[in-house]
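Reader: I am new to this structure and would like to learn how its features are read, one at a time. Could we go through it slowly, with the general idea placed before each case?

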Amino acid sequence: MPNANRGAVGFKSNEFEQEYDRPSKSQLKREMEALQKLGEALVAEPRDRVKRVPMPEDVREAILECQQIKDHEGRRRQMQYVGKKMRTLEEDELAIIQKTIDSWRGASKAETAAMHALERRREKLLADDAALTNLLNEHPEVDVQHMRTLIRNARKEQAENKPPKAYREIFQILKQLQIAAAKRRGEEIDEKDFGDDGDET
């Protein structure tokens, strides 16, 4: 007589297949950590940058709120919440955010290079009078008398160990000339690309 229970305690062959389709626990953990890091990268960025990233409003609000929390424990909890919100995003949304962060990192290198180029030019102006002639050839709009006075004052500041007022002003003028030249060439340019006062030499 056939056993009525036969097969009842068995299993369908596709049950295991579904089980193996799911990501492993360690893979899920890695994905969660990657999303947490992505959230942390956004929290570390300036607020105006975060506001420009294409993402759902609730995720952005969680990030902006986290930036304002100074209390260590409160910030840690909010950071966990940011990670949780990041996990609600679709693959394409995450890809856009990652691409945006990557572009900022590339831009940061370009910003540093541009700032160092201006600093080197300023040093040449202080070290060699011929550098001013070269500058005037490239930028005839420069107020030569004002520039000569600034160079003289900056040299005096360095010699007498005074605050670098003229030194910083030279950097600002060089920065504005660079921006004006880039705009004439039709390039999209942001003043922030050249740093602020350029006195970190």
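This is a predicted model: local features need pLDDT of at least 70, side-chain atom pairs count only at pLDDT 80 or more; totals for chains, interfaces and linings use all residues.

Reader: Which residue has a positive phi although it is not a glycine?

Author: That residue is Asn161, with a positive phi of about 60°. Asn161 belongs to the loop that lies between helix H8 (144-159) and helix H9 (165-184). Asn161 counts as exposed because its relative accessibility is 72%, and the cut-off for that word is over 50%.

Reader: How many residues does H9 have, and which of them are buried?

Author: H9 has 20 residues, and the distance from its first C-alpha to its last is 29 Å, close to the 28 Å expected at 1.5 Å a residue.

Reader: How should I read the packing of H2 and H5?

Author: Two packed helices are described by the angle between their axes and the distance between the axes. Here H2 and helix H5 (residues 72-86) pack at an angle of about 120°, and their axes are 8 Å apart, so the two helices, H2 and H5, are oblique to each other. The crossing in which H2 passes H5 is right-handed. On the H2 side the contact is made by Leu35, Gln36, Leu38, Gly39, Glu40, Leu42 and Val43, while H5 contributes Arg75, Met79, Gln80, Val82, Gly83 and Met86. By type, the residues of this contact of H2 with H5 divide into 7 nonpolar, 4 polar and 2 charged.

Reader: Is Gln36 buried or exposed, and what is it in contact with?

Author: Gln36, which lies in helix H2 (residues 25-43), is buried because its relative accessible area is 18%, where the cut-off is under 20%. Leaving aside neighbours within four places in sequence, Gln36 is in contact with Met79, Gln80, Gly83 and Arg87.

Reader: Where is Gln78 found, and is it buried or exposed?

Author: Gln78 is found in helix H5, and with a relative accessibility of 10% Gln78 counts as buried. Once its neighbours within four places in sequence are left aside, Gln78 is in contact with Ala62, Glu65, Cys66 and Ile69.

Note on methods: Residues are numbered from 1 along each chain as its sequence is written. Side-chain values use heavy atoms; hydrogens and water are left out. Helices (H or I, at least four residues) and strands (E, at least two) are DSSP runs, numbered from the N terminus. Buried means under 20% relative accessible area, exposed over 50%, partly exposed in between (1.4 Å probe, protein chains only). The expected span of a helix is 1.5 Å times one less than its number of residues. Contact means heavy atoms within 4.5 Å. Axes are lines fitted to C-alpha atoms, for helices over the stretch in contact, and angles run from 0 to 180 degrees between N-to-C directions. Angles under 35 degrees count as roughly parallel, over 145 as roughly antiparallel, 65 to 115 as roughly perpendicular and the rest as oblique. A crossing is left-handed if the near helix is turned anticlockwise from the far one by less than a right angle, and right-handed if clockwise. Ala, Val, Leu, Ile, Met, Phe, Trp, Tyr, Cys and Pro count as nonpolar, Asp, Glu, Lys and Arg as charged, and the others, Gly among them, as polar.
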